[in-house]
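Please read the following briefing alongside the sequence and the model. It moves from the core to the sheet and then to the charged side chains.

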Amino acid sequence: MKFSDKTVLGVDISQGLISLALLRQKSKGIELVATASGPVPDGAIEDGRIIDPAALAGAVKGLKNHNRMRARKAAVSLSISPVITCMLDIPEG
């Protein structure tokens, strides 16, 4: 399956799941061509941090190839347990 540059792959990576969506722009709007999802490899993400980027990239590539998804452009979303830090000044006295 060969696509033009009007095709994009959306990649969403969360704590335990990799989701892919292949989208194509057509004259009447955007068409969802294919979707796929699979687990994040064990040990690739721990406590909201990417520990093994090579394993994570390999899992995305394997999922993409297994489902025959091809696109020259991609949009990636990493949604892993955000942490909010607040710095407070303690008044003297």
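Which residues of the largest nonpolar core touch the most other members? They are I13, I18, L20, V40 and L56, out of 15 residues in that core. The model is a predicted one, in which local features need pLDDT of at least 70 and side-chain atom pairs count only at pLDDT 80 or more, while totals for chains, interfaces and linings use all residues. Residues are numbered from 1 along each chain as its sequence is written, and side-chain values use heavy atoms, with hydrogens and water left out.

**Nonpolar core**

- A nonpolar core is here a set of buried Ala, Val, Leu, Ile, Met, Phe, Trp, Tyr and Cys residues joined through side-chain atoms within 4.5 Å, where buried means under 20% relative accessible area, exposed over 50% and partly exposed in between (1.4 Å probe, protein chains only).
- In the largest such core, which has 15 residues, at least two residues come from each of β1, β2 and α1, and α1 gives the most, with four residues.
- Beyond its neighbours within four places in sequence, L20 is in contact (heavy atoms within 4.5 Å) with L9, G10, V11, A34, T35, A36, V60, L63, K64 and M69.

**Sheet and helix**

- Helices (H or I, at least four residues) and strands (E, at least two) are DSSP runs, numbered from the N terminus, and two strands are said to pair if DSSP finds at least two bridges between them.
- Four strands form an open sheet of mixed pairing in the order β3-β2-β1-β6, with β3 (29–39) and β6 (73–79) as the edge strands, each of which pairs on one side only.
- Neighbouring strands of this sheet are turned by 15 degrees against each other on average, direction ignored; axes are lines fitted to C-alpha atoms, for helices over the stretch in contact, and angles run from 0 to 180 degrees between N-to-C directions.
- Strand β2 (residues 17–26) pairs with β3 in the antiparallel sense over 10 bridges, and the two are joined by a hairpin through two residues, with K26 standing opposite G29 in β3.
- Helix α1 (residues 53–66) lies across β1, β2 and β3 and runs at about 50 degrees to β2.
- T7 lies in strand β1 (residues 7–14) and counts as buried because its relative accessibility is 2%; leaving aside neighbours within four places in sequence, T7 is in contact with L22, L23, R24, R70, A71 and K73.

**Salt bridges**

- A search of the whole structure finds two salt bridges, each defined as a side-chain nitrogen of Lys or Arg within 4 Å of a carboxyl oxygen of Asp or Glu.
- R24 forms a salt bridge with E31, the closest N and O atoms being 3.8 Å apart, and K26 also forms one with E31, at 3.6 Å between the closest N and O atoms, so that R24, K26 and E31 are linked in a network.
- R24 counts as partly exposed at 24% relative accessibility, as do E31 at 30% and K26 at 46%.
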